[in-house]
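Here are my notes on the model you sent. Please read them with the coordinates open.

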Amino acid sequence: MQKAWAALAQFQARAISPHHERYSFPFLRGSYFVYRKIDVMRVAAIAKSVSSEPTYLDVGCGYGDFLKHVREFIPKAEGLEVDESMFYGLGIAKPDYVRIEDARWIEKKYDLIFVGWMEPGQDFRDPVSKNTDVIVTTLDQGLSLAAEFDGHGFERVASWRTPSWEDVNTEIMNRYYTSMPEQKRTELSRLRGAHNLWYVYAKPAMRDTVVGALKSQIESEQPTDRYDFEQVLDECGYGYLEKGGDSAIPGPLWQVHF
Ligand SMILES: C[S@@+](CC[C@H](N)C(=O)[O-])C[C@H]1O[C@@H](n2cnc3c(N)ncnc32)[C@H](O)[C@@H]1O
């Protein structure tokens, strides 16, 4: 961890944008899934369709980068993280809303449980399924099958895709930190192999509620209402509804499929 922090400091000293580090150092400064404010608002709208003051748990929240943004809309949202060293090892204050606990022992019911990019091999489908009727999960295509809740009494009711942080990081490095002919960079930018998939799962009784909430959220979506770091995505060719790249979820980035 100390070495990772030192590498980040080295990068920061030369970075040409304060927004690059979240894609190059997702563990320390960002998240393992690329998101915009519209993703946060979609998840919040789903949670609020279950209850006007929803209970919300982010499982394996890391430092809580996504969770911090969700709390703008769901102030009581909580996180659960097993690795305390990411706070104490680096002297970073752990927010009260993040509990150091193992997700295998979740005991409270939540209106929505969010599982954002779990490591391959980690499988919390049983404890998560038992403690909620609505799940939003993100996974890298082909990597985290254990994040798929079909077969646990849930239906996948909606999905969309966002870029993978690896592709964004590669593009940032090629575009801003590597000297190469423009044609070569363009060729490399077409090699987008990874996609981050967002799956919304609901128990059958919650299906219509969740779908209705997400549909009305999308109708009122304002992609111009956004976080500063989203400009990096636009510059790197990962715009809102941008086409391109083969994926298990067809169509443009951020387009929701029901
Ligand atoms: C790949 S990181 C993703 C972190 C964050 N959700 C994100 O997308 O940036 C997976 C996180 O899950 C945590 N984790 C792994 N096993 C866990 C468990 N049994 N209970 C709670 N958290 C766990 C890890 O410590 C790590 O922070």
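**Notes on the fold and the pockets**

1. Burial. This is a predicted model. Of the 258 residues of the chain, 51% count as buried.

2. Overall build. The chain has 11 helices and 7 strands. Its radius of gyration is 18 Å, close to the 18 Å that the globule rule gives for 258 residues, so the chain is as compact as a globular protein of that length. The C-alpha trace spans about 55 × 40 × 35 Å along the principal axes.

3. Strand 1. In a regular strand, side chains alternate between the two faces of the sheet.

4. Partners of strand 1. Strand 1 runs parallel to strand 4, and 4 bridges join them. Val-59 has Val-115 as its bridge partner in strand 4. Strand 1 also pairs with strand 2, in the parallel sense, over 3 bridges. Here Leu-57 stands opposite Glu-78, and Asp-58 stands opposite Gly-79.

5. Crossover. How does the chain get from strand 1 to strand 2? It passes through helix 5. This β-α-β crossover is right-handed.

6. Strand 2. Glu-78 and Leu-80 point one way from strand 2, while Gly-79 and Glu-81 point the other way. All four are buried. Strand 3. Strand 2 pairs with strand 3 (residues 98–100) in the parallel sense, over 3 bridges. Gly-79 stands opposite Val-98 in strand 3.

7. Largest pocket, size and lining. A probe the size of a water molecule, rolled over the atoms, shows where empty space is left. The largest pocket holds about 560 Å³ of space. Its lining has 32 residues. Which of them lie nearest the centre? They are Gly-60, Gly-62, Glu-81, Met-118 and Glu-119.

8. Largest pocket, sources of the lining. Several elements give two or more residues to this lining: helix 3 (26–29), strand 1 (56–59), helix 5 (65–70), strand 2 (78–81) and strand 4 (112–116). Helix 5 gives the most, with 3 residues. By class, the lining of the largest pocket divides into 17 nonpolar, 7 polar and 8 charged residues.

9. Second largest pocket, size and lining. About 300 Å³ of space lies in the second largest pocket. It is lined by 16 residues. Leu-28, Arg-29, Tyr-63, Asp-65 and Lys-68 lie nearest its centre.

10. Second largest pocket, sources of the lining. Which elements give two or more residues here? They are helix 3 and helix 5. Helix 5 gives the most to this lining, with 3 residues. The lining of the second largest pocket divides into 9 nonpolar, 3 polar and 4 charged residues.

11. Tying the points together. Helix 5 links strand 1 to strand 2 in the crossover. Helix 5 also gives the most residues to the lining of the largest pocket, and the most to that of the second largest pocket.

How values were computed:
Residues are numbered from 1 along each chain as its sequence is written. This is a predicted model: local features need pLDDT of at least 70, side-chain atom pairs count only at pLDDT 80 or more; totals for chains, interfaces and linings use all residues. Side-chain values use heavy atoms; hydrogens and water are left out. On a 1 Å grid over the protein atoms alone, a cavity is a set of points where a 1.4 Å probe fits but cannot get out, and a pocket is an open set with protein on both sides within 12 Å along at least five of seven lines; lining residues have an atom within 4 Å of a point. Grid points are joined across faces, edges and corners, and a volume is the space filled by probe spheres set on the points. Ala, Val, Leu, Ile, Met, Phe, Trp, Tyr, Cys and Pro count as nonpolar, Asp, Glu, Lys and Arg as charged, and the others, Gly among them, as polar. Two strands pair if DSSP finds at least two bridges between them. A crossover is right-handed if, with the strands pointing away from the viewer, the path from the first strand over the helix to the second runs clockwise. The radius of gyration is taken over C-alpha atoms; the globule rule is 2.2 Å times the number of residues to the power 0.38. Buried means under 20% relative accessible area, exposed over 50%, partly exposed in between (1.4 Å probe, protein chains only).
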